[in-house]
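Subject: Structure handover

Hello,

Here is the structure for you to take over. Please open it beside this email and follow along.

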Amino acid sequence: MCKFNKIALLLVLFGLIGFYSINTLPPNLAFSEVARLRLKGESERLKKGKMYSVAIINEAEIKDMVSQVERIIYYMKGKDLNIKDKKAQLEKAKSLLKVVQEELKIKELKNRKAKKITQSYLAHSLKSEPDKPQNNSNLLQDKGELLQEPPLWKPSLEPAQPLFNLKPEQPKSRVVYNYKDINYEKINTYQERSKKLLSKLIADLQETLRNKYPWYSPKQIIESSNKRNSNPKDRILFGLRIENKGIDFHKRQWRWDLFSLYGFDSIDLFCLIGQANLGPGNYDFRYIDKMMSAIKSNGYQVDINYGAPTISRSLERKHKIPKALSAKTRSDLFWHNSDGWGVNIESVHTTVNIWNSDTMKDLLAFDTAFAKHIKKSGNTLLIELDAEPEMTTYQGNPAGYSNSAQKAFRVFLKNKYQNIHQLNKVWRTSYKDFKAIHPIKSLFPSGDEKLTPLIYDFQVFRSSSFTDYFKKRIQAIRKGYPGIPISSQSVGYFNYSHILSALPVVDAASGIDFVNLVDLDWDLWGSHDSVIEAGFAPDGDSRIPDISSLYSYSLNRYGKHFLWCDDYYWLAWEAVNIGDETILRSVLERNIWHQTAWGKRGFNFFQLDFTWENWNDKLLDEKANNEIMRYVTGVIPVLRKKLKKIENILFDIEITNQKIGIIQPSTSILVATPVWGSRDIAIKVAKRLLVKHQIPFFIPEEAIIDGREDIESFQVLIAPYATHVPPVLTEKLLNWINNGGTLISIGPFGVYDQYGKFENHLLKKLFGIDDVKYHKPSSAFGLFNSNEKVNIKWHMASNGKQILTKSYGKGKVIIGLRESFTELMQEIYSETKTLKLVDSNIQPNISDAKVFSDLELVLLNDQKGNDYIFAINLNVKKQITPKISVKGNYQHIVELGVDGGAPVIPAYRNPWTSFNAKLDPGHGILFKLIK
């Protein structure tokens, strides 16, 4: 009996070893080798999974070809061309496509339940960041207590509390068809017949048009894109983000055979290098080498995305920080908030203390060593820094309160003011020496202007330190790997970083200063800005326009980097609970065209094998056991192909300056009350202009002051709650107004300088207003003349006027309260009416609660004097046929969405040129305008 038990035990042991071997295969095994190790029947399913991807890609391409033919025929309407036979051929091709589509839906897949892969990002963040919880309302009521030197450390026994309760919408039930039973031989036959018929039909139609319009030559419309080189900043990029943490893929294999069909340039290795850092100067890159080798052997380059937290564990080892305390330690190695609480070590977000010399020494040494090592592989496309960087701890509390941070702050002040007497003069304080100065506990002031100098200089110190930190890291990487392309990896706009920063109280806490960051030596300017608008639009509409894209583009006018979506959330602006994959395919297509129109030239798809709980963005289909890619993915290679055909044009065009600017009042954002006023009002104004096809550029006040922005090229500037501005900005704007500009101020402009000193130069000079009162309970301002009895009524003047207008030189100033926003928008529409360059007969839905339009128009131009219009159908459920008008006399218009182009016959009626367009759900088309 004992002998029998030993034999049985050995058999079980060998069986477990065999099972483990099969299920932990290395990622670089060829598909055929893997198939031989599979159980009977599994290889056939995997093969069918690949065939399914081929089928849905071909189907998407055929649908696009059908759309091209329909548009060409639409443009030819009424042109006395005999195309009856062409319409018959189109119907035949559509009938073939219908057979393919029906075959793809032959049988619904049963008995497959989606697996819950992970918790939501929000839940993950709240559980892993153990800062001391604070009540959100207390942050706004803080009296400006000054921070005293903290004790060494203080453990937290209180559980972390979320700022708000997010109840995610779960995706509705999606129908997944039985890809195993599809007749792929039949599908291939019908697809080939349809493609052949449509290709000939497009060529015949273009030949007919060429004979009708001799100026039209398809081969000359779009230049070849083959001239582009391998540098990532010189070509359209499609990357693929994976979340897999090990060398196996779903415990079986990496499905290279699936996603290799989609034409991705790179695989994003996200935050996988932390375990390579065993201690200061002690690195083990074997794990990374294994991953990179697998990727290289399958024909891809690597996009390495990592952040500063990768150095954290080595610092723990060096300083012998007990693991039980490392998450809540008061060690100076990590971020600290104003209550002295440390921050957890995260795989994303910058959590190391950038003012600590040990931290920076080890971090920069690792950057150089790692860059030097990956140079050997010759397979790195680019490096992204950092993973969603921010200078905040849990719940958006600002960091910068560690011992080393406070010492660095005092050094910053000494360098700026030279001596304490000069500081006291500017601050209007009476400090004995710099040692007596401590950072203010709350960066959200309560209206006490005496605290403004401390808040302002502490904020400038934080943001400039963060900018310098990135500058040093870029230099360290280039030291190890000269010439390696480096990208930013950020979320946000208006000094606003983390997704939780959609809440107004954390607007100025992130420490991110995009105005300075954009000037650094980046090769690519990356931002996954689509996520923000997806769920937290302050204007009640979470779909479009994408203010983050507008902000990224506006700032990149100064940096002029390759602009791309480093984490491309393809489901943005749409409800995540949509279950119809056909609609979702239109969503993906619409968002690609939308971002392309706004200057993006690369997309790192978020993501292949993982989805946050309620985002519904995973590209593999978990309902089919990850053996197929989702139906929605079929359009990806089609879009990539279309973008590559117009690649040279895309890299040569820029959005036309329409002479409207929205000032980013950076000083007010940092120190003013209410802290969220500037951002939210700017968003509202931009949305209402964008849906009317007018593009206002965001202009940072710093760019006006230092001359990077020539405001003489703008006719209208809008200032959203710019209550605190440097006096030099006021002087520059007064000169601009005198020369003919129109300033529209929502809220009082320039009442205080950056240090809280009462200035009020513009209001007094133009309106005679010399008394301004702020009413804290209502967050409202009252403006008064000195000859009136001061009786605080919350309107512009005692006569009850809500909007005041005053001419100055050749220009004028319009000023109103935030409460009069609707009336002010009418003033903005009136002042910008003559500046309008494009329009359509599709009118947007505009109200205080919602801003939405079915059509987006973006006017662009190149250095050769050519003009272009991107037209995008923002509606993912219905086709639209807009009449588009553009100011100017254009003799010819060519649609570049058709292979080889298609002529669109315009009609001119001074001063507008009009033409008809046809856009399927989610479609985007680039038109070339020829004078």
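My notes follow, from the overall picture down to single residues.

**Overall**

Keep in mind that this is a predicted model. The protein has 931 residues, and 61% of them count as buried. There are 28 helices and 30 strands. Its accessible surface comes to about 36900 Å². Carbon and sulfur atoms account for 51% of that surface. I also looked at contacts between residues at least 6 apart in sequence: 77% of these join residues at least 24 apart.

**The six-stranded sheet**

Start with the open sheet of six strands. Its order is β13-β12-β14-β15-β19-β18, and the pairing is mixed. The edges are β13 (697–700) and β18 (803–808), each of which pairs on one side only. From one strand to the next, the twist averages 20 degrees.

Within this sheet, β14 (residues 716–720) and β15 (residues 742–746) run parallel and are joined by five bridges.

Helix α24 (residues 677–690) lies across β12 (660–664), β13, β14 and β15. It runs at about 145 degrees to β14. Helix α26 (residues 727–738) packs on the sheet too, touching β12, β14, β15, β18 and β19 (811–816). The direction of α26 makes about 125 degrees with that of β19.

**β5 and its partners**

Next, go to strand β5 (residues 301–305). It is mostly covered, with four of its five residues buried. Which strands does β5 pair with? One is β2 (residues 266–270), which runs parallel to β5 and is joined to it by five bridges. Here Ser266 has Gln301 of β5 as its bridge partner. Another is β6 (residues 380–385), also parallel to β5, with four bridges between them. In this pair, Asp303 stands opposite Leu382 in β6.

**Helix α28**

Helix α28 covers residues 821–832, 12 residues in total. Its first and last C-alpha atoms are 16 Å apart, close to the 16 Å expected at 1.5 Å a residue. The buried residues in α28 are Phe821, Leu824, Met825, Ile828, Tyr829, Glu831 and Thr832. Seen down the helix axis, they fall within an arc of 170 degrees, so they line one face of α28.

**Two single residues**

Ile57 sits in helix α3 (residues 42–75). Is this residue buried or exposed? Its relative accessibility is 11%, under the 20% cut-off, so Ile57 counts as buried. Leaving aside neighbours within four places in sequence, Ile57 is in contact with Leu261, Tyr262, Gly634, Pro637 and Val638. Pro637 deserves a look: it is 580 residues from Ile57 along the chain, yet their C-alpha atoms are separated by 7.1 Å.

Ser527 is in a loop, between β8 (524–526) and α18 (530–535). Ser527 is buried as well, because its relative accessible area of 4% is under 20%. What is Ser527 in contact with, leaving aside neighbours within four places in sequence? The list is Ser490, Ser552, Trp564, Cys565, Asp566 and Lys600.

Over to you.

Technical notes. Residues are numbered from 1 along each chain as its sequence is written. This is a predicted model: local features need pLDDT of at least 70, side-chain atom pairs count only at pLDDT 80 or more; totals for chains, interfaces and linings use all residues. Side-chain values use heavy atoms; hydrogens and water are left out. Helices (H or I, at least four residues) and strands (E, at least two) are DSSP runs, numbered from the N terminus. Buried means under 20% relative accessible area, exposed over 50%, partly exposed in between (1.4 Å probe, protein chains only). Contact means heavy atoms within 4.5 Å. The expected span of a helix is 1.5 Å times one less than its number of residues. The arc is that of the directions from the helix axis to the C-beta atoms. Accessible areas come from the Shrake-Rupley method with a 1.4 Å probe; for residues, only the protein chains shown count as cover. Two strands pair if DSSP finds at least two bridges between them. Axes are lines fitted to C-alpha atoms, for helices over the stretch in contact, and angles run from 0 to 180 degrees between N-to-C directions.
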